[in-house]
Amino acid sequence: MTATDIHSRPARHFNLGRHMNELSLLAAIIVLYIVFASTAQGFLTVYNQVNILRDAATIGIAAWAVTLIIISGEIDVSTGPMVAFISVILAFMLQWGWPTIPAIGVALLVGALLGGTAGALRAFFDVPSFVATLGLWSALRGSALFFTDALPVSIGRNSIVDALDRPILGLPPAAIIMLVLFAVFWFVSKKTAFGRSVYAVGGNPQAAFLSGINVRRIRVMVFVLGGLMAAISGLLLLSRLGSGNATAASGLEFDVIAAVVVGGTALSGGRGSMLGTMLGVLAITLIGNGLILLGINPFVQEVVRGVIIVGAVLVNMYAIRRGQAGRG
């Protein structure tokens with residue numbers, strides 16, 4: 001979907017060119033499954049597939065909101081430290097004897113406020129979103145490390161938090177939450193005035209303002225959603241580790257941004273889709289999982305992942321241009 005699509009009549013038939021990005025990603029995922037199934041022992045086991053879903057949730061939940069942020073023409077590099085920071089403050093609240101549900105509510109509120117702060121800096125003070133979220137990245141990581149001395153903050157047994165990591169019909173709850181949130185964000189981006197406004201602001205903020213869209217409100221709201229999704233990821237991280245950890249989720253922001261960009265969302269704003277991000281999340285997760293099973297050196301993994309991601313983006317850009325040329 002692009003900013004200009006919101007002014008055009010929706011197509012009633014399947015347009016192959018419009019979906020070239022998603023189709024090329026789907027083909028890449030099939031190739032990854034074939035390659036890793038034939039080279040990595042245990043890749044196709046049920047246990048590993050569940051692990052892939054759980055890892056995908058860690059990236060995906062944050063990626064849904066970051067997709068809207070990038071479509072609006074902004075960027076958020078604070079996701080990883082925010083996830084770790086929220087897991088730490090939630091662990092401290094539970095250690096101090098806070099009731100679980102209010103503690104979770106406060107953690108989600110803190111995440112939304114932190115995201116809203118970055119959005120307000122962009123919307124009202126014209127601070128570039130990269131600078132605002134880079135400041136958050138440093139402040140949140142440093143604060144979490146300072147308050148914990150870089151040590152895990154254990155919460156002991158907690159029935160509600162433990163339930164968030166207990167499989168439901170064989171599926172990790174994090175994966176179910178990821179899929180539910182995907183449906184919500186897909187609906188918001190496709191079917192609501194807010195979603196259409198995000199595309200319009202990312203495509204041309206001046207034109208969006210002249211057409212009556214409150215550009216500042218849209219910019220603040222997408223970052224509030226980004227902070228809220230990071231807080232949910234922090235809660236799920238706490239349930240998975242059984243502790244708040246300031247060093248956790250290191251580099252998560254790069255995986256999230258890579259998944260969104262690989263999914264076809266333009267860094268310049270105004271174009272992208274939740275389905276593309278979903279496929280991008282799956283591709284990034286598969287690459288990481290397969291390389292670990294193959295026993296590739298961790299440092300070499302970073303190199304291989306970088307090369308594959310850049311290659312995937314180039315292939316997607318080519319596919320998108322072919323699709324646009326076909327429509328033209």
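## A walk through the helices and their aromatic pairs

Searching the whole structure turns up five aromatic pairs; a pair here means Phe, Tyr or Trp rings (for Trp, the six-membered one) with centres within 6.5 Å, called stacked when the planes are under 30 degrees apart, edge-to-face over 60 and tilted for the rest. Before you click on, note that this is a predicted model, where local features need pLDDT of at least 70 and side-chain atom pairs pLDDT 80 or more, while totals for chains, interfaces and linings use all residues. Numbering starts from 1 along each chain as its sequence is written, and side-chain values use heavy atoms, with hydrogens and water left out.

**Stop 1: two aromatic pairs**

Select Y33 and F43. Their rings sit edge-to-face, 5.2 Å centre to centre with 65 degrees between the planes. The pair links distant parts of the chain, 10 residues apart: Y33 belongs to helix α1 (residues 20-39) and F43 to the loop between α1 and α2. Helices here are DSSP runs (H or I, at least four residues), numbered from the N terminus. Y33 is partly exposed at 25% relative accessible area, whereas F43 is buried at 1%. The cut-offs are under 20% for buried, over 50% for exposed and in between for partly exposed, with a 1.4 Å probe and protein chains only.

Now jump to F92 and W96. This pair is stacked, 5.6 Å centre to centre and 20 degrees between the planes. F92 is buried at 17% relative accessibility, but W96 is exposed at 62%.

**Stop 2: α1 against α12**

Show α1 with helix α12 (residues 274-293): the axes come within 10 Å and cross at roughly 20 degrees. Axes are lines fitted to C-alpha atoms over the stretch in contact, and angles run from 0 to 180 degrees between N-to-C directions. The two helices are therefore roughly parallel (under 35 degrees; over 145 would be roughly antiparallel, 65 to 115 roughly perpendicular, the rest oblique). On the α1 side, the contact (heavy atoms within 4.5 Å) includes L25, I29 and Y33, with L279, A283 and L286 among the α12 residues. By class, this contact has 13 nonpolar, four polar and one charged residues. Nonpolar covers Ala, Val, Leu, Ile, Met, Phe, Trp, Tyr, Cys and Pro, charged covers Asp, Glu, Lys and Arg, and the others, Gly among them, are polar.

**Stop 3: α7 and its neighbours**

Next, colour α2 (46-71) and α7 (173-191). Their axes come within 8 Å and cross at roughly 20 degrees, so α2 and α7 are roughly parallel. Residues to show include A57, I61 and W64 of α2, plus I177, M178 and F182 of α7. The contact has 14 nonpolar, two polar and no charged residues.

Keep α7 and bring in α10 (215-241). Here the angle is about 165 degrees and the axes are 11 Å apart, which means α7 is roughly antiparallel to α10. A174, I177, L181 and F185 in α7 meet L225, M229, I232 and L236 in α10. The class count is eight nonpolar, no polar and no charged residues.

**Stop 4: α8**

Finish on helix α8 (residues 193-203), which is mostly covered, with eight of its 11 residues buried. Select F194, G195, S197, V198, Y199, A200, V201 and G202 to see the buried set. They pack against α2, α7, α9 (205-210) and α10.
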